[in-house]
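Work through the exercises below with the sequence and the model side by side, and try each task before reading its solution.

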Amino acid sequence: ANQQRRQMTADIAHDLRTPLTVLSGYLEAMEDGTLSPTSARWRMMQQEVDTLKRLVEDLRTLSLADAGNLALHKEWLAPHELLSQVQAAYAQQAAAQNVQLVVDAPPDLPPIQLDPARMRQVLGNLVSNALRYTPENGRITLAARSASQDYTLQLTVADTGAGIPPEDLPHIFDRFYRGDKSRQEGEGESGLGLAIVKSLVAAHGGVVSVASAAGGTTFTILL
């Protein structure tokens, strides 16, 4: 546990330091006249600020979840409507990458009580991950089905990407774990997306799991 805490602290410091170094460099260069302020440079600085804000918000979400203080504002919502909202949010990005993003959910599934914003965050993180690793002409499916036994609803996000290496599967919900470091460095990813998925699903009383092989990955959420 001590080793994990030390590693997480080091990762947080690294992810905070990188955008701060970029911002500091630009500001110092503009102050001493080495660089002139331009719209492109301001945009670059704003992107680094956005990265910092995203990391701080992700850390705050996990801190609240760990303390059991994460407030959920639950409403009754039809699963098909929830998935359609997520599809609409990522439709443009999927189209730009020539990836199909489809919803597969019976419209007559009964509504379920959940926090729509938090559950859109969960599904959005999963779709964002899927878009990162699904090749052109691939497909991402958002599906909903009735669940059995202890749960009411099963949600899945399935892609036709390359799959997750078996050695990474046990760790992908760990905080700051990056299986493919070469691809995720510099992409503005905090390494907390799947940890947040797990925490938000747990806050709803649910569980999340993953199955992956060559040719695709499927995340399953039971609520």
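**Exercise 1: the sheet**

Find the order of the strands in the open sheet of five strands.

Solution. The order is E2-E4-E5-E7-E6, with mixed pairing, where strands are DSSP runs of E of at least two residues and helices are runs of H or I of at least four, numbered from the N terminus. Two strands pair if DSSP finds at least two bridges between them, and the edge strands, which each pair on one side only, are strand E2 (100-104) and E6. E6 and E7 run antiparallel and are joined by seven bridges, with serine 212 opposite threonine 217 in E7.

This is a predicted model, in which local features need pLDDT of at least 70 and side-chain atom pairs count only at pLDDT 80 or more, while totals for chains, interfaces and linings use all residues. Residues are numbered from 1 along each chain as its sequence is written, and side-chain values use heavy atoms, with hydrogens and water left out.

**Exercise 2: a loop glycine**

Locate glycine 215 and list what it touches, not counting residues up to four places away in sequence.

Solution. Begin with the loop between strand E6 (207-213) and strand E7 (216-222), where glycine 215 has its place. Then look for contacts, meaning heavy atoms within 4.5 Å: glycine 215 touches Asp159, Thr160, Gly161 and Ala162. Finally, compare glycine 215 with glycine 163, which is 52 residues apart from it in sequence, yet 5.8 Å apart in space, C-alpha to C-alpha.
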